[in-house]
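Here is a short tour of some aromatic rings and the helices around them. Have a look at the model first, and then we can walk through it together.

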Amino acid sequence: MRKKIALIIILSFAFFPFIFPQAASREETIDTAINWMIEVSKNPVYGYDRSSCGQANQYSCVGLVIAGWKAAGLNVPCVGTESMYKVFLKKGFVEVTDSVDLNTGEGLEKGDIVIRVTRINGVTHVVQYIGDGKIVQAAGDTDGIPGDSQGNEIFVTNYFPNYYEHVIRFEGETTNEDNDNNQFTGGSTVDSYSSYPPVLSSDNFTCETIFLNPDGSEKEIKKLLDGIFSIIKISAPVLTIVLTLIDYLKSLGDPDALKKANKRLVRRIVIMVLVLFLPYLLELIFNLFGLYNLGSCEIK
């Protein structure tokens, strides 16, 4: 009987992450975002497209950075450079431009995003600082075809001045929509650049996903499904443990009942694993069909 109770305790700890998911630390989030972008830069399948956030394996400069931080767990939509600044400041980033020398890069820290909202030759620019004086960036389409066969569209390079105006730094995700401390400090404001769509809307963006609105915000159906998935992930292991404990308590002193309890435990573990896997399987299917992300959306 002690062995059975010990098994239940071990199972409880084994499924602890499912019951109480642990949020990634600031450093883990930064590393995940950066490593994702670096891996994209190494793969010649991925190339540059000025209006893409991953559609057809193509990324704009801002699309690459947004996609990297989405991979790290931030809920951010695919937007233009100017809007990205505002969106990221609502997701745990703060303005640190005054502490950085934009000419030399002195003061930059791993994970900083460096932004130019002023258009030069018609374009803005965003790069991701990855530490040790280096950045990863989607720079431009050099061959006119999808992908990056020459390795000079999305790549890692040394930091260099490029008329940058702003540096934002991740301090931890927040849902505060009105952070008064995160304002532009000098330079031009985002609203000054109305020539580029500051917010995605039905006028400049088409989106076929049933879970996201044209501006990238979540529809109620997605919030409902996410809530159901969360309940399943919590309730399945808890219910399994509770029912098993009740079974073993009832079978004390009864060998036959104990055998039946053992069989039911095996069945419950199998069912629990399947149930826990189901939300992840559904999310995978949804992602493949572009229902959970902006993969099926296009900027006009």
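Which residues do ring pairs link into a cluster? They are W69, F88, F93 and F170. This is a predicted model, where local features need pLDDT of at least 70, side-chain atom pairs count only at pLDDT 80 or more, and totals for chains, interfaces and linings use all residues. Residues are numbered from 1 along each chain as its sequence is written, and side-chain values use heavy atoms, leaving out hydrogens and water.

The whole structure holds seven aromatic pairs (Phe, Tyr or Trp rings, the six-membered one for Trp, with centres within 6.5 Å; planes under 30 degrees apart are stacked, over 60 edge-to-face, the rest tilted). Two of the pairs involve W69:

| Pair | Centre distance | Plane angle | Class |
|---|---|---|---|
| W69 and F93 | 4.9 Å | 80° | edge-to-face |
| W69 and F170 | 5.4 Å | 45° | tilted |

W69 sits in helix α4 (residues 61–71) and F93 in strand β3 (residues 93–95), 24 residues apart; helices (H or I, at least four residues) and strands (E, at least two) are DSSP runs numbered from the N terminus. F170, in strand β8 (residues 166–170), is 101 residues from W69. W69 is buried at a relative accessible area of 0% (buried means under 20%, with a 1.4 Å probe and protein chains only), and F93 is also buried at 0%. F170 is buried too.

W69 also takes part in a helix contact (heavy atoms within 4.5 Å): V62, V65, I66 and W69 in α4 meet T81, M84 and F88 in α5.

How values were computed. Buried < 20%, exposed > 50% of the residue type's maximum accessible area, 1.4 Å probe, protein only.
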